[in-house]
Amino acid sequence: MAPPAPAGSHPTSTEPLSRSIFRKFLLMLCSLLTSLYVFYCLAERCQTLSGPVVGRSGGGKEAGAPGRGVLAGGAGEPVAWPAVARRKRLLQVQPWPRRRPPALRDDGEVAAWEEEPPGLAGSPGGSGAGSSVSETPPGTLALLLDEGSKQLPQAIIIGVKKGGTRALLEFLRVHPDVRAVGAEPHFFDRSYDKGLAWYRDLMPRTLEGQITMEKTPSYFVTREAPARISAMSKDTKLLVVVRDPVTRAVSDYTQTLSKRPDIPSFESLAFRNRTAGLVDRAWSAIQIGLYAEHLERWLRHFPARQLLFVSGERLVRDPAGELGRVQDFLGLKRIISDKHFYFNQTKGFPCLKKAEGSGRPHCLGKTKGRPHPEIDGQVLRRLRDFYRPFNRKFYQMTGHDFGWDG
């Protein structure tokens, strides 16, 4: 029997207290490990860490990375483990938007956004504003976990400058199955010598069933672009946003005037001889609007069914209707609808109720709706007369009357 404790002393509790702290520590550690295990299982890392992800048979450049196996298949045939194919869309999260100060872009009215969408930082705009190029932030948890892959674009917005290409791209980015480069790569007109591997590296990662897109409006008027895009893939879908060529030319001039206030008047640039009414076709603002001539080059390399002509005017009046046509053309489910837009009375243009990566309304920037200089009515009439035969030929080639000659 233990001797009785001295009078006035208390029983020690050091040992039970230590055991209690140890038990709590073990409980917290087990909870943490369980949470991590559940997280990785939900992200399907349990399956992919133990086996190959994606590869190509045949030993080409697309073969699986070192340490990853490749399933047997035909030469150059893409293959994937079933666990990778069953990526869960419920894990999708929106990327954080990036704020930037308003800035002029070369595609003008439709180029500057008040909040920079995820994509390349800055842009070589429609007529050449330089910028740096960076990776589009991943838009899904699976992409954050290095899932998905970079693909060459299956669809390209090829034109036209000052037509509404930036608006179309930003509206399309609302669709969960569209992944697009934010700025203009200018690969097929300025950087073709850098090669397709460089071009593909600019693209965002995509999951199975998603479309990779880019837009560079100058492609439509670049002579080499049709053959180059066809060499990349004859199945590429091409979108062209067109606008009344007279209004487009004035808008083009307005943008240049905002950057170079000392340029000559619109009238002196548009005519070689105003008295004789001779239009200067060499001026780029006029030349871009000869849509039929540019289209002839594209039809030598692509069937008409692979080109969709989007009305720049209707994109303003009825964005949901025009986006419906675009979604059908791209083989996408019709998700973008009237509920995504509201008409901003101050700007006079449609805005997104909720842009990609943001829970707030989103409108095109301050350069959108820039007031045009006053142009003599006789000058505009002469330009309409000049464009009329080209417009009619374009209506015939596309099977659609855009109503620019009314």
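**Close-up views of a predicted model**

S251 is a buried residue, with a relative accessible area of 0%. This is a predicted model, and the legends below walk through it one view at a time.

**View 1. S251 within helix α8.** Helix α8 runs over residues 245–259, and S251 is part of it. Buried or exposed, where does S251 fall? Its relative accessible area is 0%, so S251 counts as buried, the cut-off being under 20%.

**View 2. The whole chain, for orientation.** Stepping back for a moment, the protein chain holds 14 helices and 15 strands. It has 406 residues, and 46% of them count as buried. Among contacts with a separation of 6 or more, 68% are between residues 24 or more positions apart. The chain's accessible surface is about 20700 Å², with 56% of that belonging to carbon and sulfur atoms.

View 3. What does F187 touch, once residues up to four places away in sequence are set aside? The answer is Y192, G195, L196, W198, Y199 and Y219. For Y199, which is 12 residues from F187 along the chain, the C-alpha atoms of the pair are 6.7 Å apart.

**View 4. The largest nonpolar core.** This core has 29 residues, and those with the most contacts inside it are I156, I158, F188, Y219, I229, W298 and F394. Two or more residues each come from β6 (155–159), α6, α7 (225–232), β10 (237–242), α11 (291–299), β13 (307–311) and α14 (377–398). Which element gives the most to this core? That is α11, with four residues.

**View 5. I156 and a second core.** Beyond its neighbours within four places in sequence, I156 contacts F188, Y199, E214, Y219, I229, M232, T236, K237, L238 and L239. A separate, second core has 26 residues, including A155, A167, V326 and I336.

Methods. Residues numbered from 1 in each chain as written. Predicted model: local features only at pLDDT ≥ 70, side-chain atom pairs only at ≥ 80, totals over all residues. Heavy atoms only, no water. Buried < 20%, exposed > 50% of the residue type's maximum accessible area, 1.4 Å probe, protein only. Contact = heavy atoms within 4.5 Å. Areas by Shrake-Rupley, 256 points an atom, 1.4 Å probe, with all protein chains shown as cover. Core = buried A, V, L, I, M, F, W, Y, C linked by side-chain atoms within 4.5 Å.
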